[in-house]
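Here are my notes on the model you sent. They are set out as numbered points.

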Amino acid sequence: MNKFIQKEYATFVDDITTHHFKELEQLLEVYFDYFKNNPAVLSAIVSASIEGFALRKQSDYLLDFFKTRIKNQQPAPIEIAYYSGAIFASLLYWRENDYQYSAAELAEHLAEKIKNDLLQTGEKIF
């Protein structure tokens with residue numbers, strides 16, 4: 001079961017890679033929409049206790065996204081881990097609270113927080 005879920009999540013990450021997003025909001029909206037429209041995938045990830053695997057794949061993708069698509073803002077790897085964890089925790093919270101916001105609203109809110117944080121720090125921590 002774990003292998004199947006890992007394969008499905010890896011396929012999802014590969015699929016969003018083909019979109020060639022240039023804005024964080026676009027990426028996050030597709031991300032949240034996917035999990036809202038495919039609740040069994042997130043439930044399976046949680047039930048199989050492979051959140052760590054999903055988070056690592058997501059963090060790897062997010063790091064690549066910033067390196068290749070948003071070249072003017074390069075968070076340190078520790079910051080990527082932080083943002084990725086916040087995104088995943090927000091996804092879980094959103095699901096547990098019956099998707100009370102639209103995917104677009106949630107994506108815009110989180111993207112704005114991340115962008116503001118990057119503008120304020122301006123420097124890499126490590």
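**Notes on the predicted model**

1. Aspartate 98 counts as exposed, because its relative accessibility is 66% and the cut-off for exposed is over 50%. The residue sits in the loop that joins H5 to helix H6 (103-121). Its phi is positive, about 55°, although aspartate 98 is not a glycine. Please keep in mind that this is a predicted model.

2. Serine 49 also deserves a look: it is not a glycine, yet its phi is positive at about 55°. This serine belongs to the loop between helix H3 (39-47) and H4. With a relative accessible area of 56%, serine 49 is exposed.

3. Helix H4 covers residues 51-69, and its length is consistent: at 1.5 Å a residue, its 19 residues should span 27 Å, and the end C-alpha atoms are 26 Å apart, which agrees.

4. Which residues of H4 are buried? They are Phe53, Ala54, Gln58, Ser59, Tyr61, Leu62, Phe65, Phe66 and Arg69. As a general point, an α-helix has 3.6 residues a turn, so residues three or four places apart point the same way.

5. Helix H2 (residues 24-37) packs with helix H5 (residues 77-96) at an angle of about 40°, and the two axes are 11 Å apart. H2 is therefore oblique to H5. The crossing of H2 past H5 is right-handed.

6. On the H2 side, the contact is made by Leu28, Tyr31, Phe32, Phe35 and Lys36; H5 contributes Ile87, Phe88, Leu91 and Trp94. By class, this contact of H2 with H5 has eight nonpolar residues, one charged residue and no polar ones.

Definitions and conventions. Residues are numbered from 1 along each chain as its sequence is written. This is a predicted model: local features need pLDDT of at least 70, side-chain atom pairs count only at pLDDT 80 or more; totals for chains, interfaces and linings use all residues. Side-chain values use heavy atoms; hydrogens and water are left out. Axes are lines fitted to C-alpha atoms, for helices over the stretch in contact, and angles run from 0 to 180 degrees between N-to-C directions. Helices (H or I, at least four residues) and strands (E, at least two) are DSSP runs, numbered from the N terminus. Angles under 35 degrees count as roughly parallel, over 145 as roughly antiparallel, 65 to 115 as roughly perpendicular and the rest as oblique. A crossing is left-handed if the near helix is turned anticlockwise from the far one by less than a right angle, and right-handed if clockwise. Contact means heavy atoms within 4.5 Å. Ala, Val, Leu, Ile, Met, Phe, Trp, Tyr, Cys and Pro count as nonpolar, Asp, Glu, Lys and Arg as charged, and the others, Gly among them, as polar. The expected span of a helix is 1.5 Å times one less than its number of residues. Buried means under 20% relative accessible area, exposed over 50%, partly exposed in between (1.4 Å probe, protein chains only).
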